[in-house]
Amino acid sequence: MNDADVSKQIQQMVRFIRQEAEEKANEILVSAEEEFNIEKLQLVEAEKKKIRQEYERKEKQVQVRKKIEYSMQLNASRIKVLQAQDDMVNSMKDGAGKELLNVSQNQHHYKNLLKDLIVQSLLRLKEPAVLLRCRKDDHHLVESVLHSAKAEYAEKANVFPPEIIVDHNIYLPPAPSHHNAHGLSCSGGVVLASRDGKIVFENSLDARLDVAFRKKLPEGMQTQFSGGVL
């Protein structure tokens with residue numbers, strides 16, 4: 001083999017090697033581009049997922065904030081309504097309380113009322129002996145109706161007339177006045193108790209007014225008026 005043949009074979013081998021190298025390089029480039037595209041797609045999807053999660057988190061925060069604000073506004077509205085109801089009821093109760101002062105002005109009607117209150121109290125207590133308290137100003141009226149009250153109770157309950165002991169040491173507070181605006185007061189009526197003091201029946205006009213208002217009030221407002229029991 002001469003030099004020309006040797007050179008020709010060498011050139012063929014070089015071309016073959018170069019062609020294989022180029023093909024290999026192309027394969028590497030294609031593979032690298034595919035891997036890059038896959039990785040880029042994965043990164044894009046991961047970022048999209050993070051963005052969606054962040055959006056959902058913020059959306060939930062907004063919804064929670066809206067619910068809190070709505071609840072606060074609703075509670076504020078309820079408080080305003082309850083306050084308005086409370087003011088109205090207190091105003092009506094104050095007005096009715098002032099009207100109670102006129103009840104004891106008519107001695108004849110008030111005397112009969114005291115008798116009825118005593119009889120009603122006796123029917124509730126059903127005790128053979130009771131202690132009675134009244135206002136000091138009403139003492140003489142109470143004493144004047146005791147006999148008829150005991151007789152009426154005995155007839156209605158079909159029992160012997162009870163013993164009624166009028167308390168001369170402790171009286172119910174006097175009627176409201178400008179001189180005693182912040183002290184205890186009583187518009188009239190009586191309070192009866194068993195001899196041992198374990199059972200007390202408050203039948204004052206103020207207690208009856210409290211009960212009347214409590215019965216007329218909506219259920220949620222009744223607890224603030226806890227007067228006597230009828």
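Is Lys115 buried or exposed, and what is its relative accessible area? Lys115 is buried, with a relative accessible area of 17%. Here buried means under 20% relative accessible area, exposed means over 50%, and partly exposed lies in between, with a 1.4 Å probe and protein chains only. The views below come from a predicted model, in which local features need pLDDT of at least 70 and side-chain atom pairs count only at pLDDT 80 or more, while totals for chains, interfaces and linings use all residues. Residues are numbered from 1 along each chain as its sequence is written, and side-chain values use heavy atoms, with hydrogens and water left out.

**View 1. Lys115, Asp116, Glu152 and Lys156 are linked in a network of salt bridges.** A salt bridge is a side-chain nitrogen of Lys or Arg within 4 Å of a carboxyl oxygen of Asp or Glu. Start with Glu152 and Lys115, whose closest N and O atoms are 2.7 Å apart in their salt bridge. Glu152 belongs to helix H3 (residues 139–157) and Lys115 to helix H2, so this pair ties together parts that are 37 residues apart in sequence. Helices (H or I, at least four residues) and strands (E, at least two) are DSSP runs, numbered from the N terminus. Glu152 also meets Lys156 in a salt bridge, at 3.1 Å from N to O. Lys156 and Glu152 both sit in helix H3, 4 residues apart, about one turn of the helix. Lys156 counts as exposed, at 53% relative accessibility, whereas Lys115 is buried. By the salt-bridge rule, the count comes to 10.

**View 2. Lys48 and Glu45 form a salt bridge within helix H1.** The closest N and O atoms of this pair are 4.0 Å apart. Lys48 and Glu45 are 3 residues apart, about one turn of the helix. Lys48 is partly exposed, with a relative accessible area of 41%, and Glu45 is partly exposed too, at 38%.

**View 3. Glu20, Glu22, Glu23 and Glu27 form a negative surface patch.** Patches are made of residues with over 30% relative accessible area and no salt bridge; like charges are joined within 9 Å, and nonpolar side chains (Val, Leu, Ile, Met, Phe, Trp, Tyr) within 5 Å. Lys and Arg count as positive and Asp and Glu as negative, while His and the chain ends are not counted. The place of a charge is taken as NZ of Lys, CZ of Arg, CG of Asp or CD of Glu. Glu20, one of the patch residues, is found in helix H1 (residues 3–100) and is partly exposed, with a relative accessible area of 41%.

**View 4. Val6, Ile10 and Val14 make a nonpolar surface patch of about 220 Å².** Accessible areas come from the Shrake-Rupley method with a 1.4 Å probe; for residues, only the protein chains shown count as cover. Ile10 lies in helix H1 and is partly exposed, with a relative accessible area of 45%.

**View 5. Glu54 and Arg18 are 53 Å apart in space, C-alpha to C-alpha.** In sequence, Glu54 and Arg18 are 36 residues apart. Glu54 is found in helix H1, where this residue counts as partly exposed at 32% relative accessibility.

**View 6. Ser121 is buried, at 0% relative accessibility.** Look for Ser121 in helix H2 (residues 107–125). Leaving aside neighbours within four places in sequence, Ser121 is in contact with Val190, Leu192, Phe201 and Asn203. Contact means heavy atoms within 4.5 Å.

**View 7. Ser187 is buried, at 2% relative accessibility.** Ser187 is found in the loop between strand E2 (163–166) and strand E3 (189–194). Not counting residues up to four places away in sequence, Ser187 touches Gly97, Leu100, Leu101, Ser104, Arg135, Pro176, Leu205 and Asp206.

**View 8. Lys126 and Asn158 have positive phi values.** Most residues other than glycine have a negative phi. Phi of Lys126 is near 55°, and this residue's place is in the loop between H2 and strand E1 (129–133). Lys126 counts as exposed at 60% relative accessibility. Asn158 has a phi of about 60° although this residue is not a glycine. Asn158 lies in the loop between H3 and E2 and counts as exposed at 70% relative accessibility.
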